[in-house]
Amino acid sequence: IRKYVAIVSLEQRQRYKDDFNAEYEEYRNSHSVIDKTTKKYRQFQEQWKSLTPGSEAYQVKKDKTMKTVLQHSSVL
């Protein structure tokens, strides 16, 4: 679906520019949230590699991870 047609006037160009600028901040905020979440999951993944399945440390990390996942899924 094409939202925009060819720009034929300065006024039309300005409207498109205003639309873009109005939505760009929301995009950047969403991107920031996704980036932070991705970094957290990468950290979790690295930490998991050092744990022995079934150990107490493993279970504690699993519980913390599930809590974090549930918190983030409620935000989305």
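This is a predicted model: local features need pLDDT of at least 70, side-chain atom pairs count only at pLDDT 80 or more; totals for chains, interfaces and linings use all residues.
Lysine 49 forms a salt bridge with glutamate 46, and the closest N and O atoms of the two are 3.2 Å apart. Glutamate 46 has a relative accessibility of 47% and is therefore classed as partly exposed. Both residues belong to helix H1, where three residues, or about one turn of the helix, separate lysine 49 from glutamate 46.

The structure holds two salt bridges. Aspartate 35 takes part in one of them, with lysine 39 as its partner and 3.5 Å between the closest N and O atoms. Helix H1 covers residues 10-49 and holds both aspartate 35 and lysine 39, four residues apart, about one turn of the helix. Aspartate 35 has a relative accessible area of 34%, so it is partly exposed. In general, side chains of opposite charge can pair when their charged atoms come close.

## Aromatic residues at the surface

Which residues make up the nonpolar patch on the surface? Phe20, Tyr24 and Tyr27 form it, and together they have about 340 Å² of accessible area. Phe20, Tyr24 and Tyr27 also form one aromatic cluster. Tyrosine 27 is located in helix H1. Its relative accessibility is 46%, so tyrosine 27 counts as partly exposed.

The count of aromatic pairs comes to three. Phenylalanine 20 and tyrosine 24 form a stacked pair, with 5.3 Å centre to centre and 25° between the planes. The pair counts as stacked because the planes are under 30 degrees apart. Phenylalanine 20 and tyrosine 24 are four residues apart in helix H1, so about one helical turn separates them. Tyrosine 24 is partly exposed, at a relative accessible area of 39%.

## An aromatic pair between H1 and H2

Tryptophan 48 and tyrosine 58 form an edge-to-face aromatic pair, with 4.7 Å centre to centre and 75° between the planes. This pair links distant parts of the chain, since tryptophan 48 is in helix H1 and tyrosine 58 is in helix H2, 10 residues apart. The edge-to-face label applies because the planes are over 60 degrees apart.

How accessible is tryptophan 48, buried or partly exposed? Tryptophan 48 has a relative accessible area of 24% and is partly exposed. Tyrosine 58 is also partly exposed, with a relative accessible area of 24%.

## Phenylalanine 44 and threonine 65

Phenylalanine 44 sits in helix H1. Its relative accessible area is 14%, so phenylalanine 44 is buried. Not counting residues up to four places away in sequence, phenylalanine 44 touches Lys61, Thr65 and Thr68.

Threonine 65 lies in helix H2, which covers residues 56-75. With a relative accessible area of 10%, threonine 65 is buried. Which residues does threonine 65 contact, leaving aside its neighbours within four places in sequence? They are Phe44 and Trp48. A polar atom of the threonine 65 side chain also lies 2.7 Å from the backbone oxygen of lysine 61.

## Valine 33 and histidine 72

Valine 33 is a further residue of helix H1. Valine 33 is partly exposed, with a relative accessible area of 44%. The C-alpha atoms of valine 33 and histidine 72 are separated by 9.9 Å, while the two residues are 39 residues apart along the chain.

Methods:
Residues are numbered from 1 along each chain as its sequence is written. Side-chain values use heavy atoms; hydrogens and water are left out. A salt bridge is a side-chain nitrogen of Lys or Arg within 4 Å of a carboxyl oxygen of Asp or Glu. Helices (H or I, at least four residues) and strands (E, at least two) are DSSP runs, numbered from the N terminus. Buried means under 20% relative accessible area, exposed over 50%, partly exposed in between (1.4 Å probe, protein chains only). Patches are made of residues with over 30% relative accessible area and no salt bridge: like charges are joined within 9 Å, nonpolar side chains (Val, Leu, Ile, Met, Phe, Trp, Tyr) within 5 Å. Accessible areas come from the Shrake-Rupley method with a 1.4 Å probe; for residues, only the protein chains shown count as cover. Contact means heavy atoms within 4.5 Å. A polar contact is a pair of N or O atoms within 3.5 Å; within protein, one must be able to donate a hydrogen and the other to accept it, and residues adjacent in sequence count only if both atoms are side-chain atoms. Rings of Phe, Tyr and Trp (its six-membered ring) pair if their centres lie within 6.5 Å; planes under 30 degrees apart count as stacked, over 60 as edge-to-face and the rest as tilted.
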